[in-house]
Amino acid sequence: PEARSGLAMMDIDGDGRLDLLVHDAQGFEVFQWHEDQQTLESRYRFDGSVESLLPVVHEVSLGPSVIGVRQESVGWTLNWWAPGRARYNFVGIEPTGKSSTADGMRSNASGLGTQLVARVGQHWTVLDKLDDYSGPGQSDQPLVLGLGERDFADFIKLYWSDGVLQTEMALEAGKVHRVEEYQ
């Protein structure tokens, strides 16, 4: 395969702040943005041939993982870089416009275009249900929100693609919460 590169914005360590995942044919690196200093700090680097890379959420309680294709002496291999141990708590959110209690659907079933504003303690995070990875192999996964040392998100406000506003309270860590749009 042809060498590829890509960028992704996601909370890798669960501190509630988005990190930057940079990928090219020589490997990948995770950077953390320090707003007060206007700088990027390298948090993790993998040096090695990586032809294609995809951030995935395998287990919400552990946060994002990375899957990549590498060429080794035995041929092409699929590699998985599991979440590290020094991570905080995560919560998964899966917005859907399809209701289990009604026959109607307001927004699309996958919740694409839904924006979330989350409050965890004194920290605010904004996410949207659009894939933030620029490389190939994009997929529809739950949104993952880092909670720091907290056990729940105080609340999330959803801005659905059809203009409806909705709030959900006290979303527990370690679970994927399927949030249906109000009908």
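## Before we start

Because this is a predicted model, local features need pLDDT of at least 70 and side-chain atom pairs count only at pLDDT 80 or more, while totals for chains, interfaces and linings use all residues. Residues are numbered from 1 along each chain as its sequence is written, and side-chain values use heavy atoms, with hydrogens and water left out.

Let's begin with the strands. Helices (H or I, at least four residues) and strands (E, at least two) are DSSP runs, numbered from the N terminus. Two strands pair if DSSP finds at least two bridges between them. Strands β1 and β2 run antiparallel and are joined by five bridges; here Leu-7 has Val-22 of β2 as its bridge partner. On to β3, which covers residues 27-34: six bridges join β2 to this strand, and the two run antiparallel. A hairpin of two residues leads from β2 to β3, and Val-22 stands opposite Glu-29 in β3.

Now look at the loop between β1 (6-10) and β2 (19-24), which is the place of Asp-13. For charges, Lys and Arg count as positive and Asp and Glu as negative, with His and the chain ends not counted. A salt bridge is a side-chain nitrogen of Lys or Arg within 4 Å of a carboxyl oxygen of Asp or Glu. Asp-13 is buried but has no salt bridge, and Arg-43, the nearest side chain of opposite charge, is 4.1 Å away. A polar atom of the Asp-13 side chain does lie 3.2 Å from the backbone nitrogen of Asp-15. Contact means heavy atoms within 4.5 Å. Leaving aside neighbours within four places in sequence, the contacts of Asp-13 include Asp-19, Gln-32 and Tyr-88.

Gln-32 sits in strand β3 and is buried, with a relative accessible area of 2%. A polar contact is a pair of N or O atoms within 3.5 Å; within protein, one must be able to donate a hydrogen and the other to accept it, and residues adjacent in sequence count only if both atoms are side-chain atoms.

## Two nonpolar cores

A nonpolar core is a set of buried Ala, Val, Leu, Ile, Met, Phe, Trp, Tyr and Cys residues joined through side-chain atoms within 4.5 Å. The largest one has 17 residues, and Leu-145, Leu-147 and Ile-156 have the most contacts inside it. At least two residues of this core come from each of β8 (89-96), β9 (115-120), β11 (143-148) and β12 (152-159). Another core lies apart from it, with eleven residues, among them Ala-8, Met-10, Val-66 and Trp-81.

Is Leu-116 buried or exposed? Leu-116, in strand β9, is buried, with a relative accessible area of 1%. Not counting residues up to four places away in sequence, Leu-116 touches several residues, including Ile-93, Leu-143 and Ile-156.

## Salt bridges

How many salt bridges does a search of the whole structure find? The search finds eight. One of them pairs Glu-29 with Arg-45, the closest N and O atoms being 3.5 Å apart. Glu-29 lies in strand β3 and Arg-45 in strand β4 (residues 39-47), so this pair ties together parts that are 16 residues apart in sequence. Glu-29 is buried, at 17% relative accessible area, while Arg-45 is partly exposed, at 34%.

Arg-45 also meets Asp-47 in a salt bridge (2.6 Å, N to O). Asp-47 is exposed, with a relative accessible area of 56%. Through shared partners, salt bridges join Glu-29, Arg-45 and Asp-47 into one network. Glu-41 and Arg-43 form a salt bridge as well, with their closest N and O atoms 3.8 Å apart. Glu-41 counts as partly exposed at 34% relative accessibility, and Arg-43 counts as partly exposed at 45%.

Terms used:
Buried means under 20% relative accessible area, exposed over 50%, partly exposed in between (1.4 Å probe, protein chains only).
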